[in-house]
Amino acid sequence: MDYETAVRRVTEAETRRRIARTILEALPDWFGIRESREEYIENSGTWTFFAAYRQGSPAGFLCLKETGKATAELAVMGVLPEYHRQGIGRALFEAAREEAVRRGYQFLQVKTVAMGHYEAYDRTNRFYQSMGFLEFEVFPELWDRANPCQVYVMGLAAVQEN
């Protein structure tokens, strides 16, 4: 059955944290390190927060945070496993990109584990590439040697001109 995805901005901090907790705890392949997961959950209460709903329930979320005067970052994103590959990540990304353009940012960035280390993160890398992100730089030890940090970037100037 095909259900419509509704993406909404969520403003209430505790609602943001509750949604983030529900979804991140369902994604142990990506968010299995408790300390990191808890930090994302806590910070989600302060970042710009978009939630995707299916049948009235949260199916995914994305947090956007400012990292510089011209740059915003997709700080954390998650979609419940049963909704993977159904367009929810794309819908969340589109909402975040529109918000970044509206706020006048020139670039978006996202960090993930570099390609070739874990299949789950290889899928994540392919997703970001399909959204139009370009490889910027790998920081082999930003997180640790087992999890080299791949930074992707996207210019927004062309989007703003259209």
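**A guided tour: helices, sheet, core and salt bridges**

Begin by selecting Glu25 and Arg21, which lie four residues apart in helix α1 and are therefore separated by about one helical turn. In this predicted model, their side chains meet in a salt bridge, 3.0 Å from N to O. Glu25 has 43% relative accessibility and counts as partly exposed; Arg21, at 30%, also counts as partly exposed.

Next, display the sheet. Seven strands form an open sheet in the order β1-β2-β3-β4-β5-β7-β6, with mixed pairing. Strands β1 (5-10) and β6 (134-144) stand at the edges with a single partner strand each, so one side of each has no neighbour in the sheet. Direction ignored, neighbouring strands are turned by 25 degrees against each other on average.

Zoom in on β1 and β2, which run antiparallel and are joined by six bridges. Here Val10 stands opposite Phe49 of β2. Helix α1 packs on the sheet, where it touches β1, β2, β3 and β4 (71-79), and its direction makes about 110 degrees with that of β3.

Now select helix α3, residues 34-44, in which Arg37, Ile41 and Ser44 are buried. These residues cover an arc of only 65 degrees around the axis, which puts them on the same side of α3. Glu35 and Glu39, on the other side of α3, are exposed. The partners against which the buried residues of α3 pack are α1 (13-25), α2 (28-31), β2 (48-54) and β3 (57-68).

The largest nonpolar core comprises 46 residues, and Phe61, Leu74, Leu108 and Phe133 have the most contacts inside it. Apart from neighbours within four places in sequence, the residues in contact with Phe61 include Ile19, Ile23, Phe49, Val76 and Leu92.

Finally, return to the salt bridges, of which the whole structure has 11. Select Glu73 and Lys111, whose closest N and O atoms are 3.1 Å apart. This pair links distant parts of the chain, with Glu73 in strand β4 and Lys111 in strand β5 (residues 107-113), 38 residues apart. Glu73 counts as buried at 6% relative accessibility, whereas Lys111 counts as partly exposed at 30%.

The last stop is helix α4 (residues 88-102), where Glu99 and Arg102 lie three residues apart, about one turn of the helix. Salt bridges that share partners join Arg9, Glu99, Arg102 and Arg103 into one network. Glu99 is buried at 8% relative accessibility, while Arg102 is exposed at 58%.

Notes:
Residues numbered from 1 in each chain as written. Predicted model: local features only at pLDDT ≥ 70, side-chain atom pairs only at ≥ 80, totals over all residues. Heavy atoms only, no water. Buried < 20%, exposed > 50% of the residue type's maximum accessible area, 1.4 Å probe, protein only. Helix = DSSP H or I, 4+ residues; strand = E, 2+ residues; numbered from the N terminus. Arc of directions from axis to C-beta. Contact = heavy atoms within 4.5 Å. Core = buried A, V, L, I, M, F, W, Y, C linked by side-chain atoms within 4.5 Å. Pairing = 2+ DSSP bridges. Axes fitted to C-alpha atoms, helices over the stretch in contact; angles between N-to-C directions. Salt bridge = Lys/Arg side-chain N within 4 Å of Asp/Glu carboxyl O.
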